[in-house]
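Please keep the sequence and the 3D view open while reading.

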Amino acid sequence: MLRAVEELDYVSHGVAASLSRGRTKLVGLLVSDIANPFTAQVARGLEDEAVRHGYQVLIASSDFDSEREAQVLASFARRTVDAVALLSSSGVGEGVARLVRNGIPTVFVDRRPPELGDIPLVRTDSLGAAREAVRYLIDLGHTDLGMISGPAGMPTAAQRLAGFREACQSAGLTVRPECVREGFLGTQGGYEAMCEVLDLGSRPTAVFSFNNMLAIGALQAVRERGVRIPADLSLVTFDDTDLFPFVDPPITAIEQPAHDIGTQAGRVLFARLDGDETGGEDVVLPTKFHVRGSCDRPGR
């Protein structure tokens, strides 16, 4: 028998073998945008943890399409994977509920719909980190600030906007409604949002960006309009990238420990796969604030 296997160069059917044991040895990861450097690092952290447990990660990117997300979740619910991590833009509540009903361990990464609060979440303190970053701009002397933000229904967007408003309110500053641009995603969204800010008759002197992709699009708009950073406009963004220290000027940014977030999400899932249903509270990891050349006092 062994001689026949060698002669035929036989390779066992891994999926069939796994299913016969009741496990696929796959973890599903649903993301909104795999091109986002933060997302890619989260995926790498989850993958590293999965490999330690003899698992692989199946990644599906929805490109912010809620219908596509629902289709992926329906596939996961049919037990094509043993556990699921979600870093997606929409709630897709019914799809997630189906995962739970089918006994598939699930964890949210970075954001979680309010109605699914009983599912674990691995995150950073978006509100607090945003508040501290905007306070830095205020301490530099900026009194007229703007923000380009994501969709109002996205929890992280809402939290970071709340942090922006809290910092301004605690400093006694009034935020002009036209200086807050909501509902944008991706580099094109950042470009459009910054164009709207720059088209204002009276521009803010500093802008806070919801994430790195919006900031990259915003930089394109700034360069096209000949606006100088930080002489004409200071810029701070959530989500640092490896490139931000090397652009001209280097971009002041909040760094999330993306790889560690993915690793922690994996640990939650594998603990649940091992039957440990305790510890359902959020895992909150610290951020770092990198002050670079994209910020200065107004009017300099």
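The text below covers the sheet, a helix lying across it, and a helix pair.

This is a predicted model, where local features need pLDDT of at least 70, side-chain atom pairs count only at pLDDT 80 or more, and totals for chains, interfaces and linings use all residues. Residues are numbered from 1 along each chain as its sequence is written, and side-chain values use heavy atoms, leaving out hydrogens and water.

**Sheet.** Six strands make an open sheet with parallel pairing, in the order S2-S1-S3-S4-S5-S11. Strands are DSSP runs (E, at least two residues) and helices likewise (H or I, at least four), numbered from the N terminus. Two strands pair if DSSP finds at least two bridges between them. S2 and S11 are the edge strands, each pairing on one side only. On average, neighbouring strands are turned by 20 degrees against each other, direction ignored. S1 and S3 pair over five bridges. Valine 27 has alanine 83 in S3 as its bridge partner.

| Strand | Residues |
|---|---|
| S1 | 26–31 |
| S2 | 56–61 |
| S3 | 83–87 |
| S4 | 106–109 |
| S5 | 121–124 |
| S11 | 283–285 |

**Helix across the sheet.** H10 (residues 258–273) lies across S1, S3, S4, S5 and S11. H10 runs at about 165 degrees to S4. Axes are lines fitted to C-alpha atoms, for helices over the stretch in contact, with angles from 0 to 180 degrees between N-to-C directions. Contact means heavy atoms within 4.5 Å.

**Helix pair.** The axes of H4 (residues 66–80) and H5 (residues 93–101) come within 9 Å and cross at roughly 5 degrees. H4 and H5 are therefore roughly parallel (angles under 35 degrees). Leu73, Ala74, Phe76 and Ala77 in H4 meet Gly95, Val96, Arg98 and Leu99 in H5.

Definitions and conventions:
Angles under 35 degrees count as roughly parallel, over 145 as roughly antiparallel, 65 to 115 as roughly perpendicular and the rest as oblique.
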